[in-house]
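Take a look at the sequence and the structure below. This report then walks through selected parts of the fold and the ligand site.

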Amino acid sequence: MTSWPGQPVTVVAPATSANLGPGFDSLGLALSLHDRVQARVAESGVDVQATGVSAGQRWRPDQHLVVRAMRAGFEATGGQPPGIAIRCRNAVPQGFGLGSSAAAIVAGLLAARALAAAREAATDPAGMLADSDVLRLACEIEGHPDNVAACQAGGLTIAFDTGAGLSVVRLTPLAGLAPVLCVPAVPVATSTARRALPDQVPHADAAANSTRAALLIVALTSRPDLLMPATEDFIHQRYRASTMPRTATLVATLRAAGIPAVVSGAGPSVLAFTVDDRAADAAEVARIAAQVGAPWRVLPLRVDAEGARLVGG
Ligand SMILES: Nc1ncnc2c1ncn2[C@@H]1O[C@H](COP(=O)(O)OP(=O)(O)O)[C@@H](O)[C@H]1O
Ligand SMILES: [Mg+2]
């Protein structure tokens with residue numbers, strides 16, 4: 001073993017929208033909105049500084065999600081450094097169904113892996129910890145795979161577990177896909193939204209949902225004309241509607257206006273799909289959102305094709 005690096009590493013990790021309607025706990029889409037973490041090894045202790053969204057939150061440093069993920073990453077690559085210092089510049093709203101927890105976890109794991117690689121003077125961080133191990137660790141911390149898979153791989157992802165371990169298929173969505181996010185003012189914790197789900201769903205709903213999930217892959221990769229039927233979900237959104245009624249109303253109103261819209265992740269944000277050749281749709285999303293309840297922040301985004309990555313020191 002050589003010595004820990006003095007230089008910091010910097011990672012960016014994208015927001016992600018999971019489920020996308022019928023792809024519950026499996027489909028994810030990486031978005032062009034990023035958290036940035038600069039991390040370095042310190043002489044002792046844990047120092048966290050955060051700016052951007054949720055900067056006012058106070059953490060016990062060891063409870064901070066980026067730090068917890070870094071600890072897991074160091075554990076898997078040979079051990080903990082004497083101290084950790086991180087600077088977070090956060091743009092992904094926390095607790096709004098945009099994968100902030102996944103971004104924090106994946107960023108922390110990639111930062112720890114890069115610092116461990118520098119300690120060993122390894123040129124390829126993946127030699128210290130394979131991407132598949134990063135995904136597995138991220139999923140263990142997060143509790144479900146959909147956001148972490150899209151955050152790590154970028155693009156459109158299908159995460160699935162055969163029992164022998166977690167796998168991800170990454171697809172390239174339509175070049176013209178232009179997701180528009182509608183973010184309300186008040187968050188809902190993923191754990192709260194999960195509690196609203198029933199243990200069982202009717203067989204007919206399960207059957208309809210599988211059809212739409214299969215259709216959604218086709219729609220998002222080559223047939224945008226199918227996006228409306230393909231984004232219809234039968235197994236989770238309706239059960240969560242009473243915990244986030246404005247979200248349910250905005251999804252229904254957008255869909256009634258011909259714009260495919262879904263609950264983003266566990267909500268309460270709404271994801272609307274527009275395509276470049278119908279640029280007027282983005283303005284229409286904003287116009288409709290302005291009529292539905294308390295103010296929505298409307299963010300026209302692109303797909304992040306790369307996923308979480310090192311961007312230097
Ligand atoms: N950048 C971050 N730094 C530290 N903790 C974070 C960060 N992003 C998310 N978290 C933690 O994750 C929680 C939000 O996770 P969750 O309820 O799954 O919502 P989301 O849909 O945003 O992932 C926050 O309340 C916070 O505890
Ligand atoms: Mg989350």
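Leu181 stands opposite Leu299 in β10. The model is predicted. Strand β7 covers residues 177-183 and runs antiparallel to β10, with four bridges joining the two.

These strands belong to an open sheet of four. Its order is β8-β9-β7-β10, and the pairing is antiparallel. Which strands stand at the edges? They are β8 (261-263) and β10 (297-300). Each has a single partner strand, so one side of each is left without a neighbour in the sheet. Neighbouring strands here are turned against each other by 20 degrees on average, direction ignored.

A helix lies across part of this sheet. Helix α10, residues 245-256, lies across β7, β8 and β9 (270-275). Its direction is at about 165 degrees to β8.

Other strands pair as well. Strand β2 (residues 23-42) and strand β5 (residues 156-161) are antiparallel, with three bridges between them. In this pair, Gly28 stands opposite Thr157 in β5. Strand β5 is also joined to strand β6 (residues 166-171), again in the antiparallel sense, by six bridges. Here Asp161 stands opposite Leu166 in β6. The hairpin of β5 and β6 has four residues between the strands. In that hairpin, Gly163 takes a positive phi near 100 degrees.

Next comes Thr10, in strand β1 (residues 9-19). Is Thr10 buried or exposed? Its relative accessibility is 4%, so Thr10 counts as buried, the cut-off being under 20%.

Now the ligand. How many residues surround ligand 1? There are 17, and the closest are Gly95, Gly97, Ser100, Ser101 and Thr190.

| Residue | Protein atom | Ligand 1 atom | Distance |
|---|---|---|---|
| Gln94 | polar side-chain atom | nitrogen | 3.4 Å |
| Gly95 | backbone N or O atom | oxygen | 2.7 Å |
| Thr190 | polar side-chain atom | oxygen | 2.8 Å |

Taken alone, ligand 1 exposes 560 Å². The protein buries 83% of that area.

How values were computed:
Residues are numbered from 1 along each chain as its sequence is written. Chains are lettered from A and ligands numbered from 1 in the order in which they are written. This is a predicted model: local features need pLDDT of at least 70, side-chain atom pairs count only at pLDDT 80 or more; totals for chains, interfaces and linings use all residues. Side-chain values use heavy atoms; hydrogens and water are left out. Two strands pair if DSSP finds at least two bridges between them. Axes are lines fitted to C-alpha atoms, for helices over the stretch in contact, and angles run from 0 to 180 degrees between N-to-C directions. Contact means heavy atoms within 4.5 Å. A residue is near a molecule or strand if one of its heavy atoms lies within 4 Å of it. A polar contact is a pair of N or O atoms within 3.5 Å; within protein, one must be able to donate a hydrogen and the other to accept it, and residues adjacent in sequence count only if both atoms are side-chain atoms. Accessible areas come from the Shrake-Rupley method with a 1.4 Å probe; for residues, only the protein chains shown count as cover. Buried means under 20% relative accessible area, exposed over 50%, partly exposed in between (1.4 Å probe, protein chains only).
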